[in-house]
Every structure is written in C-alpha cells, then in structure tokens.
Amino acid sequence: MTGLPAAQACLLYFDDERPAAERLAAASGLDLRPVQRHRFPDGELKLTLPVDGAGQLPARAVLLRSLYQPNDKLVELLLAARAARGLGVRHLTLVAPYLAYMRQDIAFHPGEAVSQRIVGPFLASLFDAVVTVDPHLHRVATLPEAVPAAQAVVVSGAPLLADWIVQQRPGALLVGPDGESAQWVAQAAQRHGLQHAVCTKERHGDRSVTIALPPLDVRGRAVVLLDDMASTGHTLAQATRLLLQAGAASVDVAVTHALIAPDALAALHEAGVGCFWSTDCVAHASNAVAMAPALAEAVAQVAAALE
Ligand SMILES: O=P(O)(O)OC[C@H]1O[C@@H](O)[C@H](O)[C@@H]1O
C-alpha cells in the first residue's frame with residue numbers, strides 16, 4: 001500500500017458477514033469496523049458508520065458486501081457509500097465476492113431492464129474500486145465494461161478450488177457443465193495437470209436446461225464438476241446424471257458461488273452428487289475454500305492503483 005498508511009484504512013462490514021470480514025481483515029491487515037443497521041417498522045433502513053472520536057472515518061475504506069439476495073443490500077451500499085464520503089473517506093473500495101445482476105446483459109424480450117447496464121454503473125458511481133470473484137459475464141468480456149469504476153478487479157476462485165480438489169480427489173477428471181465454465185475448468189486443470197473437458201448446454205428457461213457430454217470415456221473416473229455457481233442446481237444435476245449413466249465412478253461438485261437453497265442441494269445429492277464444495281464468496285454450509293488471501297491481494301492492488 002502506498003500513500004495512505006494502513007492505520008488510515010478500515011474494513012467496513014455488516015454483522016451477517018462477520019466471519020468473512022474477520023478472515024479478510026486478518027489477510028489484509030485492515031482495521032475491522034462494523035456498520036450498524038436498524039430497520040424501521042416500515043422497512044426503511046438506518047445505518048450508523050463506525051466513526052472515530054472526531055466523527056470521521058479513515059481516508060481509505062473497504063466495504064465488504066457479498067451481493068447474494070441483493071436488493072436490500074444495494075440500498076445499504078447506497079447509504080453506506082454516500083455517508084462514508086461525507087465522513088472523510090477519499091478512497092472507497094467495494095469488495096463484493098458475489099456480484100449480483102451481472103447475468104442480464106441484454107434485453108431478451110422487448111421492454112426488459114438490462115440490469116447489468118444499470119447496476120454496474122450504479123456501483124461505479126458509489127465506489128472508486130470494485131473487487132469481485134468470477135462475475136457472471138457472458139456477452140460482455142471484461143468487468144470494467146460492466147462496472148466502469150476507476151478500478152474493477154476480478155479475482156478467480158478456480159485456483160483455490162483446484163488446490164482443494166486435488167487434496168480431496170487426486171487425479172480427478174475436471175468437467176465443466178457448459179461452455180462458459182471452460183475458462184475456470186482450464187485454469188484449475190492446468191494448475192495441477194488434471195485432465196479436463198467441457199459439456200455443451202442449451203438453456204430453455206430458469207429451471208430447464210439440456211446438456212450433452214463431451215466425447216470422452218468417463219468410465220471408472222472420479223469426476224469433479226466445476227462451475228462458477230449453482231443456483232437452482234439443474235445444470236449440475238443433469239450433468240451429474242449423464243456422467244453417472246456414462247460410467248463415472250463418482251461425481252463431486254465445486255463451485256465459486258453457492259447460491260443454492262437447501263432443497264435444491266438435496267436434489268443434487270439425489271441426482272448422485274457426492275460432495276458439494278464451494279468458496280466462501282456466499283456464506284453456505286458447503287464453504288470449503290476461503291477467498292480472503294486472494295481478496296486481500298486484490299485490495300492491496302487497487303489501493304496502490306488509486307494512490
Ligand atoms: O442451473 P442453475 O444452477 O440454476 O444455474 C447455474 C448455471 O447457469 C449458468 O448461468 C451458470 O454459469 C451455471 O452454469
């Protein structure tokens with residue numbers, strides 16, 4: 001970090017994300033400070049930022065908010081960021097391990113709000129820098145195109161997931177359930193010299209996909225399906241069924257973002273998934289991999305760039 005010393009930097013967090021905030025504070029050396037929330041009977045929010053005795057915040061602040069179930073959290077970001085500016089913050093960074101509203105990047109039907117094009121610039125209007133993990137960008141190639149902040153940095157969950165997978169399933173065959181997953185699967189496989197392949201997927205609706213396996217003999221193999229996220233779980237469930245039908249010895253799953261509800265996770269296990277592992281980008285019982293070291297590196301990188 002240059003310019004602003006570490007003592008002039010704090011990590012703001014909300015109480016429901018305290019464990020992840022503690023991990024990031026330990027990895028980054030930032031001073032951990034909670035933002036207090038009060039919800040009024042009519043649903044409005046009041047935030048109280050953790051100012052010092054002089055009623056000020058440090059000149060550099062990092063706000064941790066993972067944007068799973070994002071709607072209330074977007075209002076929190078609006079209130080917290082605008083208040084922080086008035087309390088002395090010069091450099092404000094958002095660390096959103098899961099970045100919501102990136103998936104709708106075009107209007108699929110007339111009249112649809114293109115949420116990526118609205119939420120991305122909204123965040124850029126609040127924060128000097130945005131750090132996230134494996135954002136779901138499809139037709140847009142880079143994060144700065146979606147979030148035009150001064151600094152927009154992507155951290156990949158794939159290397160850390162790969163390290164976990166080789167400990168659990170040495171020699172596993174890594175499979176991506178669709179074309180978009182190829183980037184993460186290749187990155188993870190190359191890190192440990194694992195064999196890898198990617199399925200093809202056609203999506204018909206939120207809960208309807210058709211998957212085709214790659215031309216590969218999976219008989220007797222320990223397969224790990226690797227993807228950026230599990231939401232309804234239909235993608236991974238269908239890929240699992242096909243792999244087991246094709247003779248795979250086992251199918252486990254590793255994802256960056258566990259957006260999956262308990263009933264959907266149960267359905268995945270019914271489909272034949274053995275273990276389901278995730279990073280801690282979204283707090284979930286399946287969290288096996290902490291992103292804090294990689295996020296701390298990115299925070300240091302943007303701090304240097306903003307000076
Ligand atoms: O099939 P569900 O779990 O609902 O959705 C997650 C999948 O849909 C894609 O956008 C993601 O990249 C992932 O492959």
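This is a predicted model: local features need pLDDT of at least 70, side-chain atom pairs count only at pLDDT 80 or more; totals for chains, interfaces and linings use all residues.
Colleague: Where is Q69 placed?
Modeller: Q69 has a positive phi of about 55° although it is not a glycine. Most residues other than glycine have a negative phi. As for its place, Q69 sits in the loop between β4 (60-64) and α2 (71-86).

Colleague: Is Q69 buried or exposed?
Modeller: A residue counts as exposed when its relative accessible area is over 50%. Q69 is exposed, because its relative accessible area is 54%.

Colleague: What is the phi of Y101?
Modeller: Y101 lies in the loop between β5 (91-96) and α3 (115-126). This residue is not a glycine, yet its phi is positive, at about 65°.

Colleague: What is the relative accessible area of Y101?
Modeller: Buried means under 20% and exposed means over 50%, with partly exposed in between. Y101 is partly exposed, because its relative accessible area is 32%.

Colleague: What is the volume of the largest cavity?
Modeller: Searching the whole structure gives 1 cavity of 30 Å³ or more. The volume of the largest cavity is about 30 Å³.

Colleague: Which residues line the largest cavity?
Modeller: By class, its lining has 3 nonpolar, 2 polar and 2 charged residues. The lining residues are P135, H136, L137, E180, Q183, W184 and D228.

Conventions: Residues are numbered from 1 along each chain as its sequence is written. Side-chain values use heavy atoms; hydrogens and water are left out. Helices (H or I, at least four residues) and strands (E, at least two) are DSSP runs, numbered from the N terminus. Buried means under 20% relative accessible area, exposed over 50%, partly exposed in between (1.4 Å probe, protein chains only). On a 1 Å grid over the protein atoms alone, a cavity is a set of points where a 1.4 Å probe fits but cannot get out, and a pocket is an open set with protein on both sides within 12 Å along at least five of seven lines; lining residues have an atom within 4 Å of a point. Grid points are joined across faces, edges and corners, and a volume is the space filled by probe spheres set on the points. Ala, Val, Leu, Ile, Met, Phe, Trp, Tyr, Cys and Pro count as nonpolar, Asp, Glu, Lys and Arg as charged, and the others, Gly among them, as polar.
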